[in-house]
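I opened this notebook to keep track of what I looked up, one entry at a time.

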Amino acid sequence: TAAHLAAIEKARSLNAFVLETPEIATAMAKASDARIAKGEGGPLEGIPLAIKDLFCTKGVRTTACSHILDNFVPTYESTVTSQLWRDGAVMLGKTNNDEFAMGSSNETSYFGPVQSPWRRKGGDLGSNTPLVPGGSSGGSAAAVAAQLCLGATATDTGGSIRQPAAFTGTVGIKPTYGRCSRWGIVAFASSLDQAGPMAKTVRDAAIMLRSMAGPDAKDTTCADIAVPDYEAAVGKSVKGLRIGIPKEYRLDGMPAEIEKIWQQGCDWLKAAGAELVDVSLPHTKYALPAYYIVAPAEASSNLARYDGVRYGLRVSGRDITDMYEQTRAAGFGGEVRRRVMIGTYVLSAGYYDAYYLRAQKVRTLIKRDFEQCFEQGIHAMLTPATPSASFGIGEKGGADPVEMYLNDVFTVTVNMAGLPGIAVPAGSDAQGLPLGLQLIGRPFDEETLFSLGSVIE
Ligand code: GLN
């Protein structure tokens, strides 16, 4: 813990943490030492972790990196983090993220962008252009990649665990929808949001997920299914597993380097005894547009609670309506306002059937595509995690938000279908930047992803 706290202090220029909690960390580590001395340690005893600022932490400021939650101090602890503390982990601080987890580069945070610890080797843009760590869990990804913690919590609504993992050469898993409790996590799109770990290795991610997951009566969408020993799946033989290679993920104009690591991943799995099968997920091309209707719709509803009365920021006005308007106008950043407006539009009378209902139908078709493959004996799918490597801060999405949304093309399908997905580092591009592969599994079969992931990493 002491070594990590010192490393965090030295790496402040990355802006990975929005709150450092050295006193809490030191007290937790001491308590941990005492338990270890008595031979009582839990599975994560003394392990220093970073917590995405989307997880409510009792008595510790939680802002979702939004101005509207200024100085909000929860009186409760999220189920996921309380399970980590139950198992002996130590909290180092809260990590930066895109505001309300809306973004793919960590540039929408009220606290400013996070820098990836990676730099391009040579290349046109020079070696010193600061790069994005991906998003929305950019602070967690940068903290793990820069060795500022042994692991971090993150959340994934459309790729926010897997895309930053791919950009920073770390491992991130979004478990099956319902595997981890959402209680006490700031809501973005409730039917898509899932918590998961980011770590340096597949084994570390497996150990962390076991503590984070499990039934919780406080979240009715949390599944009442026992959590297996994920660590036992790491390194387990993958012989005879049938791995689907979905042809729709081969995009026109995809960089040759992405094609290359995908092929490399296929070769590694084949060499380990898995069988590769060409499959089709025909509705893939509708996933991104449908996601960018469903997610903003749910966000506009979830964010209605930020009214200046119950949490954080309040800007006074002439009357209560004016106070709501002033608070929301001052408190939400540009990307959040865009999502609230899109979401309100697609849910409004007269447009609901044409947009929201249609997107929900598309969602069912996307889910069925996967179900059909799994029914035909496919155990998991292998795809690229992202359509490109990391990019420079300020380089994408300025004039055209859709340019940023395209980052999520390989990850949103998994949230729409509620399936587990893991991103594992698989190689690097010509400039030495990490590239990741994604494995998508059957519902509640994260174990197979850990087995396959350990072949690739
Ligand atoms: N980049 C996607 C979005 O902006 C996903 C974010 C997330 O998974 N939280 O909605």
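The entries below cover a helix, a strand with its partners, and the ligand shell.

I noted at the start that this is a predicted model, in which local features need pLDDT of at least 70 and side-chain atom pairs count only at pLDDT 80 or more, while totals for chains, interfaces and linings use all residues. Residues are numbered from 1 along each chain as its sequence is written.

I looked up α4 (residues 138–145) and found 8 of its 8 residues buried, so it is largely enclosed by the rest of the structure. Here buried means that 20 or more other C-beta atoms, placed from the backbone, lie within 10 Å of the residue's own, and helices (H or I, at least four residues) and strands (E, at least two) are DSSP runs numbered from the N terminus. After α4 comes Q147, which has a positive phi near 60 degrees.

Entry on the strand. I then turned to β11 (residues 434–441), where 8 of 8 residues are buried, with P434, G436, Q438 and I440 on one side and L435, L437, L439 and G441 on the other. Strand β9 (residues 380–384) runs antiparallel to β11 and is joined to it by 5 bridges (strands pair if DSSP finds at least two bridges between them), and T383 stands opposite Q438. Strand β10 (residues 421–428) is also antiparallel to β11, through 7 bridges, and V424 has L437 as its bridge partner.

Entry on the ligand. I found 13 residues surrounding the ligand, the closest being A101, S104, T157, G158 and S160, where near means a C-beta atom, placed from the backbone, within 6 Å.

Note on methods: Buried ≥ 20, exposed ≤ 12 C-beta atoms within 10 Å, placed from the backbone.
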